[in-house]
Amino acid sequence: MHRYFVAPVLGVLAMTPLSGIAAASSGSPLLQPWPGPYGGTPPFDAVHVADFKPALETGMAETWAEIERIANDPQPPTFANTIAALEATSRALDRAYIIYSIYGTSMSDDAYQAVEREMEPKLAEFNDRITQNEKLFARIAAVYDSPDKARLTPEQQRLTWVYYTNAVRAGARLDAPGKKRVAEINQRLATLYTQFSQNVLADENEQAVTIADASALAGLPESARTAEAEAAAERGNKGQWAVVNTRSSVEPFLTYAERRDLREKVWRMFVDRGDSGGKTDNNAIIAEILKLRAERAKLLGYPTFAHWQLENKMAKTPERALELMEAVWTPAVARVREEVADMQAIADKEGAGIRIEPWDYRYYAEKVRKAKYDLDENEITPYLQLDKLRDGMFYMAQRLFGFTFTPLPVGSVPVYQSDMAVWKVTNPQGELVGLWYFDPYARTGKRSGAWMNAYRTQERFEQDVKTIVSNNANFVKGKPGEPVLISWTDATTLFHEFGHALHGLSSSVQYPSLSGTRVARDYVEFPSQLLEHWLSTPEILNRYAVHYQTGQPIPAALVEKIKRAEKFNEGFKTVEYLASALVDMKLHLAGDRPIDPDRFERETLAELGMPHEIVMRHRTPQFTHVFSGDGYAAGYYSYLWSDTLTADAWEAFTEAGGAWDAAVAERLRKNVFAVGNTIDPADGFRAFRGRDPDIGALMRKRGFPVARTGAASATTGGAQH
Ligand SMILES: [Zn+2]
């Protein structure tokens, strides 16, 4: 997943309106226009955590003065003096905010977290002061309702619609007590979101299973042993091994460790993040978040938070999202039964004398894979070097979109971490497209998982602004001088996040609020998921999946095995994901009744018929997608929704000349990657595909039977637009 930063204006605010502050008065480098080449780059070399608070406060005060000027303009409201004027505000604050938020995901420490706890409610208050400004909203509404709107460009009309609906959805039409209550709720939520993510981060950073005896590592590949040895040393236990409580550390252990008791111990530690009853327990926080979200949705005139959230997404209603999820759930559970039977058979044959439990799933799935497909992850990994695959992504970007990536000399632009690197991206004419920052390695204070971030979005509004995007991951840094070898799953994630980056880099729009990845949340994963497919093309594998010792390309027979095993374990993957997505949606459809998260989760899963051998990919107390902000709340279904589009779009390539078909790639660039949020996503997809998406491709992709009727109605098309 990736993170949005505050959209110009609608995310932002000030304590005391300080009118008349000149931009030049804000001396902080965080607020200044970014210095240096490429239209300026983030001044990471000038960041001091202590500067965040004063910079954000000055930025909010300046933005507030700009907002007041627009709201009190004596001229009648027009697109130019209202909507375009709003697009031009908040530049300094946006610059400070993005660096502040980068530190939140990537460089978080105690000092930073103290600032975060203080500033998040203030930023929420600022946001509400803008969206609730009555004079400002009256002007936005006047432009939105004016017959003159028809004379604006389509992009300007879309921008006006975005400002208007965002304001209405934030409570601009409420009476004074209603507005006051929404603002109180938002501030309280901001505090709760911060506490929630800090609790999960604390459990991930501080908890580990330490192993003193090398024999307990039986089954683990060298890369996992190395990482665990380093983690133990970092924690003052040199000569031992530590399985840290993060996904990148836990999953390899669960896949390979022969010691079942240790697998169970590690598994329990991981699934109990945020749920251990101590000071980092998130249950009370979740209950309060759900109650406040439900109350706010009601105030705004929606039956539940889910209805509010889905209204401006491609799905439009929770019912349509549920319909899609349920259409996939049943065949996925059926597939899990088959997978478990295969695993149980192997365990029985080995005389293990066990029944498959959740801490056995990955371990025995790996054995089934070897038995059924003769495929061993450890056979693939030596061919998956991080640096080479990165070059493979550049090759893909070149062939599909005409982008050339050129590394910048170390030190030529500032970075916040010494092992980051930066590339310049140019088009076939040699013109600058943007910059790509890569922060690949795990470290303390960095959120787990992988994501894309836009440091600056493309626009042609006041000037021609080139984008700056980043990809962030948690690969385990190997020994100095040795290549970093990654798993097939990690390689897929690498291509996924790069898809987000290319979405940002391809943007060609006028206004920053509509730029790049600032599209509906259930559409944003479509470009990224689609690009995952290019990893397994022969052009990428033969050139870039080369053995780290011999330099030989991955053998064709091994690629064939990978292809045959592609749908392997799809029951597990779909069910662990969908269980989370369904619980998320149902929590937000439950209204304002008091909720005990653990109990709700247990009962919902029982009702769904959750296979006992699988646990949710993100259990409720650690579900940062859903409880560290509003973004993916009642929105985790987005990955499945997007994948429906993805599967169908990939078939557009395979039906034509294949993965590198230039005409299909050009249609994709033009209608999906370049347009940002300037058009309705359903229209963009239709222009690319020639029709609305259909669920059949998704079912084929996952190896599930395609229903002849019924499920086919769960398309993600434009029927309800
Ligand atoms: Zn993503």
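Glutamate 525 is buried, its relative accessible area being 0%, where buried denotes under 20% relative accessible area, exposed over 50% and partly exposed the range in between, computed with a 1.4 Å probe on protein chains only. The model is predicted, so that local features need pLDDT of at least 70 and side-chain atom pairs count only at pLDDT 80 or more, whereas totals for chains, interfaces and linings use all residues. Residues are numbered from 1 along each chain as its sequence is written, and side-chain values use heavy atoms, with hydrogens and water left out.

Distant parts of the chain are linked by the pair of histidine 500, in helix H17 (residues 488-506), and glutamate 525, in helix H18 (residues 525-532), which are 25 residues apart. Helices (H or I, at least four residues) are DSSP runs numbered from the N terminus. Histidine 500 likewise counts as buried, at 0% relative accessibility.

The largest nonpolar core holds 150 residues, of which Met325, Met396, Phe405, Trp436, Phe498, Leu502 and Trp534 touch the most other members; such a core is a set of buried Ala, Val, Leu, Ile, Met, Phe, Trp, Tyr and Cys residues joined through side-chain atoms within 4.5 Å. Helix H13 (residues 318-349) gives the most to this core, with 14 residues. Apart from this core lies another, of 56 residues, including Val47, Ile83, Ile99 and Ile102.

Methionine 396 is among the buried residues of helix H16, and, with residues up to four places away in sequence not counted, touches Phe401, Phe495, Phe498, Leu502, Leu531, Trp534, Ile540 and Trp660, contact meaning heavy atoms within 4.5 Å.

Just after H16, glycine 402 takes a positive phi of about 75 degrees. Helix H6 (residues 154-169) is largely enclosed by the rest of the structure, because 12 of its 16 residues are buried. The buried residues of H6 pack against helix H2 (79-87), helix H5 (134-145), helix H12 (305-311) and helix H26 (681-689). Just after H6, glycine 171 takes a positive phi of about 105 degrees.

Definitions and conventions: Helix = DSSP H or I, 4+ residues; strand = E, 2+ residues; numbered from the N terminus.
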